[in-house]
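Here's a quick briefing to read alongside the model. Have the sequence and the 3D view open as you go.

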Amino acid sequence: MSATDQRRTDADLVVPFSDLVALSADVGDALELAWKEVTAGASFIGGRQVERFEEEWAAYCGAKHAVGVANGTDAIQLTLRALGIGAGDEVIVPANSFIATAEAVVLAGATPRLVDVDPETLLVTPDTIAPAINARTAAIIVVHLYGNVPAMDAIVDLARTRQLALIEDAAQAHGSTWRGARTGSLGVAGCFSFFPGKNLGAFGDGGAVVTDAAPLASRIQSLRNHGRLPGASHVHAAVGTNSRLDALQAAVLSAKLPRLDEWNRARRSAVAAYRRLLDPAIRTVRIDDDVESSFHQHVVRVPDRDLVRDGLTRRGIQTGIHYPIPCHLQEPYAAYTPGPLPVAERAAGEILSLPVFPHITQEQVRYVSDCLNQLVGEAQRHGG
Ligand SMILES: *Cc1c(COP(=O)(O)O)cnc(C)c1O
C-alpha cells in the first residue's frame with residue numbers, strides 16, 4: 001500500500017463532519033449549572049427540569065404543548081399510538097428518510113407506505129403522496145429532510161380533504177421555518193429527536209412531541225409513562241411504555257436552547273459561502289423561498305459520488321451520505337412499497353453531505369469547495 005492510499009488519521013483531519021466539543025464549550029457555564037441543579041435536586045427522571053424544557057420547547061416551536069420522550073423514534077411511535085393509529089392502518093412515509101420514520105410506523109403496529117419524492121427538493125409533494133392514499137390510509141408523515149420543508153399549504157389541504165392526520169418528522173429541522181412558522185407547528189404534531197448530532201442535541205438520547213391538541217399531549221404523557229393516569233401512579237389506563245426524558249438531558253437542552261438560533265444562523269452562513277464558492281454546475285437540493293432551513297445537512301449531488309467522496313477523504317475532509325440505501329430497499333421494509341421509486345433510488349447514488357456545523361470556519365468551507373470543484377471537474381472530464 002502506498003502512502004497516498006493510507007487512511008488519514010484524525011490528526012490529518014482538516015475538516016471534520018461536525019464539532020460537538022465546540023458546541024458544549026459555547027455553553028460551558030450553563031452546563032455546569034445544569035449539572036449542579038440536577039444533582040442537588042436528585043430528581044433524575046421527569047420533574048422540574050423536564051417540565052421547564054417542555055415549556056421552553058413548546059414556546060420555541062410556537063405550539064401549546066411539548067411532551068419530552070426518550071428519543072425521536074418514540075416521539076413518532078407514541079404520536080401514532082396516541083392518535084389511535086395502529087393495526088390495519090397505513091401511514092404514508094417518504095422512502096428517502098432515516099430508517100426511524102418507517103420503523104416507528106411498524107412499531108406502532110401500522111403499515112408504512114413508502115412513497116417517492118420531488119427530484120429537486122427530495123421532499124414529498126401532493127403529487128407523490130396522493131396516489132398512495134387508499135381507504136386504509138390514516139396519516140401522512142412529512143420529513144423535513146436536511147432541515148428543508150416542503151410546500152406545506154398544499155399538503156395541509158390534501159390531508160384535510162382526505163381526513164388524514166398530518167405528522168411532521170422534524171428530527172432534522174429544529175428551528176426551520178415555513179412562511180415564518182416553525183416546524184412542529186405545521187401539522188397535528190411535530191416529532192423531534194435530540195440525538196447529540198442533531199441541531200439541538202442532548203448528552204445522550206432524547207426526543208419530544210409538540211402539538212396544540214391538549215388531549216393528544218396528555219395521551220402521549222400517559223403512554224410514555226407506562227400508561228399511568230396523571231396523578232394516579234398505580235392506575236394504568238393503557239398499555240404504555242417507558243419513554244421518559246431524563247432530567248439531566250432536559251437540563252442540557254435548556255442550557256443549549258438559547259444558542260440554537262445563533263448556531264442555525266452560523267450554519268446558514270456556511271451554506272451561503274458554499275453556494276458562492278462551489279462551481280454552479282454542482283447541483284444542490286432546492287430550497288423554496290418560503291423556507292428558512294436549519295441546514296442539518298448541506299447536500300450536493302455529484303457524478304461518480306463514491307470516487308469524489310474518496311478524494312475528499314484523502315484530502316482530510318469528512319463527509320456523509322444521508323442515506324445511501326432508500327428505506328424500501330432495506331430488506332425488512334421491502335414489502336411496504338408496490339414498486340420502484342426512481343427519484344429516491346437515483347438520488348441515493350448522487351447525494352453527498354458536506355461538512356456544515358456552527359463552528360466551521362470560512363477557510364474550511366473554502367478548502368472543501370476548492371477540493372470539491374476540482375474533484376467534480378475531474379469526474380466530469382472522465383465522462384462521469
Ligand atoms: C434522527 C432521526 C430520527 C430518529 O431519532 P432518534 O432520536 O435517533 O430515535 C427520526 N427521523 C429522522 C428524519 C431523523 O433524522
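F295 is found in the loop between β13 (291-292) and β14; helices (H or I, at least four residues) and strands (E, at least two) are DSSP runs, numbered from the N terminus. This is a predicted model, where local features need pLDDT of at least 70, side-chain atom pairs count only at pLDDT 80 or more, and totals for chains, interfaces and linings use all residues. Residues are numbered from 1 along each chain as its sequence is written, and side-chain values use heavy atoms, with hydrogens and water left out.

- Most residues other than glycine have a negative phi, and most peptide bonds are trans.
- F295 isn't a glycine, yet its phi is positive, near 45°.
- R179, also not a glycine, has a positive phi of about 45°, and you'll find R179 in the loop between β6 (177-178) and β7 (181-182).
- The peptide bond running from H322 to Y323 is cis, with omega near 15°.
- Y323 is in the loop between α11 (305-314) and α12 (342-348).

**The sheet**

- Three strands make an open, antiparallel sheet in the order β12-β14-β15; two strands pair if DSSP finds at least two bridges between them.
- β12 (283-284) and β15 (351-354) are at the edges with a single partner strand each, so one side of each has no neighbour in the sheet.
- β12 and β14 (residues 298-301) run antiparallel and are joined by two bridges.
- R283 has R301 in β14 as its bridge partner.

**The ligand site**

- There are 13 residues around the ligand, and G72, T73, D169, S193 and K198 come nearest; a residue counts as near if one of its heavy atoms lies within 4 Å of the molecule.
- That shell splits into four nonpolar, seven polar and two charged residues. Here Ala, Val, Leu, Ile, Met, Phe, Trp, Tyr, Cys and Pro count as nonpolar, Asp, Glu, Lys and Arg as charged, and the others, Gly among them, as polar.
- The side chain of T73 has an N or O atom 2.5 Å from an oxygen atom of the ligand.
- For S193, a polar side-chain atom is 2.6 Å from a ligand oxygen atom.
- In the side chain of Q172, an N or O atom is 2.9 Å from an oxygen atom of the ligand.
- Taken alone the ligand exposes 380 Å², and the protein buries 93% of that (areas by the Shrake-Rupley method with a 1.4 Å probe).

Conventions. A polar contact is a pair of N or O atoms within 3.5 Å; within protein, one must be able to donate a hydrogen and the other to accept it, and residues adjacent in sequence count only if both atoms are side-chain atoms.
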